[in-house]
Amino acid sequence: MPEEVRPRASWDEYFMSIAQVVATRSTCPRKYVGSVIVRDRTILSTGYNGSIRGMPHCSDVGHMMEDNHCVATIHAEANAIIQAAKNGVTIDGGDCYVTASPCWNCFKQLANAGIKRICFGEFYRDNRIFEIASKIGIELVHSGLPGVSLPALAATPPT
Ligand SMILES: [Zn+2]
Ligand SMILES: [Zn+2]
């Protein structure tokens with residue numbers, strides 16, 4: 001059989017696909033989100049939406065709702081920053097790949113962690129991030145989702 005030469009993934013497709021796989025570990029069914037922090041094309045840290053370490057998952061015990069949001073979980077981008085801090089990994093100047101655009105809180109955290117480029121898969125909810133990103137020199141890119149198909153990625157209900 002002849003070899004099949006497949007088109008090579010771009011770096012954005014490569015890391016976003018990995019973020020999509022990371023999202024499959026999310027435990028809050030309101031939003032499956034995955035995040036990968038990268039510098040010089042090397043993965044430094046990953047994170048997904050999940051409960052406080054040692055606490056039960058939304059998927060097992062239900063959500064902790066406040067103002068129509070689930071506040072039980074730590075968001076994917078925050079968990080990626082936290083994982084880097086926990087392990088003593090420098091992320092200053094890095095890129096963040098995240099399957100859904102950062103909420104306002106996560107955006108602020110990424111900015112102060114020194115992230116210089118944020119690549120998101122789908123728009124989530126907060127338009128302020130576009131204005132502030134351009135003001136403070138963060139490149140914000142809507143790359144789309146390359147389409148890793150795993151069951152946990154199928155449902156992204158609006159929140
Ligand atoms: Zn939840
Ligand atoms: Zn967030």
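Helices (H or I, at least four residues) and strands (E, at least two) are DSSP runs, numbered from the N terminus. By that assignment the protein has five helices and nine strands, and their order from the N terminus is α-β-β-β-α-β-β-β-α-β-α-β-α-β.

This is a predicted model, in which local features need pLDDT of at least 70, side-chain atom pairs count only at pLDDT 80 or more, and totals for chains, interfaces and linings use all residues. Residues are numbered from 1 along each chain as its sequence is written, while chains are lettered from A and ligands numbered from 1 in the order in which they are written.

The radius of gyration is taken over C-alpha atoms, and the globule rule is 2.2 Å times the number of residues to the power 0.38. For 159 residues a compact globule would have a value near 15 Å, and the 16 Å of the protein agrees with this.

| Property of the protein | Value |
|---|---|
| Radius of gyration | 16 Å |
| Box filled by C-alpha atoms, along the principal axes | roughly 55 × 40 × 30 Å |

A residue is buried if 20 or more other C-beta atoms lie within 10 Å of its own, exposed if 12 or fewer, and partly exposed in between, with C-beta atoms placed from the backbone. Of the 159 residues, 34% count as buried.

Two residues are in contact if their C-beta atoms, placed from the backbone, lie within 7 Å. Of the contacts with a separation of 6 or more, 55% join residues 24 or more positions apart.

Ala-78 lies in helix 3 (residues 76-87) and counts as buried because it has 20 C-beta neighbours inside 10 Å. Apart from neighbours within four places in sequence, Ala-78 is in contact with Gly-47, Cys-106 and Gln-109.
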